[in-house]
Structure formats: C-alpha cells, structure tokens
Amino acid sequence: MLTLRRGRVTAVVSRAEGLVRVEVDGSPCVAYPRLTGPVALGDDVVVNVQARELELGSGGFDVLHANLTRGLELAPDAGAHVMKLPYTPAQAAAVHAEEGRELPATLDGLPVVCCSLHSQVVPVCAGIGDGVRVAYVQLSGGALPVSLSDAVRLLRERGLVSASVAVDACVDADVQCVSVASALLWCAAEGFDAVVCGIGPGIVGTGSSFGHGGVAAAAAANAATALGGAAVLAVRASEADERERHRGVSHHVRDVLRLATDGPVAAWPRGAEASDWLRPREDVDISDWRAACAELPLSHMGRGADEDELFFKAAFAAGRLARSLVSGRRV
C-alpha cells in the first residue's frame, strides 16, 4: 500500500537541476519537477510519507507524489512512447535512446566500472580523472531518479562525468535506456571513453546474500563482458564498518563475483591486504588518491576518507585501472 498524505508546501529549501527540496507542512520533502511538474510555495500537494514514517535509512524525507495546484494534466515528452514504471501509478512515457537507431554489436574493449554502491561513484570517477569522456549509467538497486544524486550533479559540473543514463526502472537522466546492454552499446556508439555503472543512493538491502541492490554490479559486468567490453569491479571494502559481513571485503563482493559468469577484474589498492578469494584481481598504484580526491565530497555511511580509508582507496583503484585501459585503447 502507498502511504499518501495531502499537505501544503510551506518552504522551498533549494533548487537544483531536476530536484527541488521543499517542506510540506514543515516536514522535509523532495520533488522531481521533470516528473511531477514545477513546485512553488503554497502549492497543494500529495506526498508519499511511508519511508520517513518507517524510519528507514533512506527515509529522512517525503517524496512529492502529485502537485494538485500545477501538476495535473501534464503533457508527456514529445515523441515519447516507451513507459517507465509501466502499469504502476507512476508510469510515464520517456524517449529512449535505442529508439530509431541501430546500435553497434560490440563494445570493442570499452572499460566498464561496475559499482555496488552509489558512494563508490565519486572516488571511481576521481580515479579515472580528467581528459576522459565518462558516462554514468544508473541501474536499479537503490534510488531510481538519477536527479536525486548530488554527487552526479557535482561530477557533471567538474567535468568528470559527461552524461548520465537511466536504465530499466531508473528515471530522470540525460538519456533513458531499456537495458544495461543497450545502455553500454549506446555509450560505445556515442564515443565515450569509459562507463561507470552503479545504483542510486540508498541501497536496497535485506541483510542476506543476493537480497541486496549491489548485485546490479554483476548484471553490468555480465553485459559488458558478453558485449566485448572490459569489466572492472569496484570492490566494496571497509576497515570501519561495525557489521562483520561488511568488514574487510564485503560479502556483497563475493555475491557479485558468484553471479558474474566471466569474472570482472577486481581492482585492489596496491599494498593493502586482500582476501585470497578475490580473483581475478589486479593491484593498482593509488599513491595519488588523496590529491585526486581532495576537492570532491567523499562520504559512505556518514564516514569520510579519514574514517574509512580503505573504502575510498578500493573504489579509486577501480577508476585508476579503467583509466589505464582507456590509455591502452588509445595507443
């Protein structure tokens, strides 16, 4: 059941591309103007309050469901015929990049970094660095709207990401694609040098093997390998996580490698102790990771680079390995 409540916008806190943070009757709420229309002070709205009322980790705010003042009878995007979230109350037509064009048959060695957490995306992109055209491809497993991510917006502003792609149920990116396979092929067709695949903020999790959003990394790795790309796994690792299953190399990584039929190369920071089962693995020089990440926001579970160094080192290593593969393709 949806838990919906009617209220009034009592404050507009901030506006960014694709995202408006407001308060509805004093409670924090996010709105996606490209999905539910513009929003302004005093609007009569319906909000989904369920996540906040359940006190979920990702439920610190409500989500605007419908704007009764200025969000009714909105027209679909011009030329849109393929539905996002079909046959749900949130279904909406969007133009998909695959429509009306033939995509290439192969990725031709395109490096594809596969992340199991959204908080890996910033250090991965820092590892890839400047002078490389990077596409960010968001997969289901966390938040679905790409526009919720302040990190992706910042990476776009810094030139570390050139375009965003929303796959499957994900929405509100520069480009929409039906599958991860077609998204990767679109990136190849558009001449991107590297692709970073990841889930949105707020991973879906049950505390069990395979019952978590991180397995999306395996789907990305399988598609990349099958299509002739070079799949690199950003390893989730931590020295500060209090949960035993995520201490050292996370059990999520083992799950991803079991599902990835032709294992992606796990990038690992050279000099750090690695689990024996982390194979295939490539140790990567990350001696400059602090300098490369200095101007970027690093945050995982509320911890920064000083509190959980290994987490960010491991993600940075994946980006740095991808950069070396880009250089190899250019030779």
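**Note on the predicted model**

1. Helix α3, residues 121-128, is mostly covered, since eight of its eight residues are buried, where buried means under 20% relative accessible area, exposed means over 50%, and partly exposed is in between, with a 1.4 Å probe and protein chains only. The buried residues of α3 are V121, V122, P123, V124, C125, A126, G127 and I128. After α3 comes G129, which has a positive phi, near 80°. Helices here are DSSP runs of H or I with at least four residues, strands are runs of E with at least two, and both are numbered from the N terminus.

2. Before reading further, please keep in mind that this is a predicted model, in which local features need pLDDT of at least 70 and side-chain atom pairs count only at pLDDT 80 or more, while totals for chains, interfaces and linings use all residues. Residues are numbered from 1 along each chain as its sequence is written, and side-chain values use heavy atoms, with hydrogens and water left out.

3. Two packed helices are described by the angle between their axes and the distance between the axes. For helix α5 (residues 180-189) and helix α6 (residues 216-226), the axes come within 9 Å and cross at roughly 55°, and this makes α5 oblique to α6. The axes are lines fitted to C-alpha atoms, for helices over the stretch in contact, and angles run from 0 to 180 degrees between N-to-C directions; those under 35 degrees count as roughly parallel, over 145 as roughly antiparallel, 65 to 115 as roughly perpendicular and the rest as oblique.

4. The crossing of α5 and α6 is right-handed, which is the term used if the near helix is turned clockwise from the far one by less than a right angle, left-handed being the anticlockwise case. On the α5 side the contact is made by V180, A181 and L184, and on the α6 side by A219, A220, A223 and A224, contact meaning heavy atoms within 4.5 Å. The residues of this contact between α5 and α6 comprise seven nonpolar, no polar and no charged; Ala, Val, Leu, Ile, Met, Phe, Trp, Tyr, Cys and Pro count as nonpolar, Asp, Glu, Lys and Arg as charged, and the others, Gly among them, as polar.

5. Turning to the strands, five of them form a closed barrel in the order β1-β2-β3-β5-β4, with mixed pairing, and the twist averages 55° from one strand to the next. Two strands pair if DSSP finds at least two bridges between them. Strands β4 (residues 44-48) and β5 (residues 62-67) run antiparallel and are joined by four bridges, and V47 stands opposite L64 in β5.

6. V265 lies in strand β16, residues 265-269, and it counts as partly exposed because its relative accessibility is 27%. Leaving aside neighbours within four places in sequence, V265 is in contact with A231, V232, L233, P280, R281, E282 and L321. Of these partners, P280 is joined to R279 by a cis peptide bond, with omega about -10°, and P280 is placed in the loop between β16 and β17 (281-284).

7. The loop between β10 (163-167) and β11 (175-177) holds D168, whose phi is near 60°, a positive value in a residue other than glycine. D172 also lies in the loop between β10 and β11, and its phi, near 65°, is likewise positive in a residue other than glycine. At 48% relative accessibility D168 counts as partly exposed, whereas D172 is buried, with a relative accessible area of 8%.
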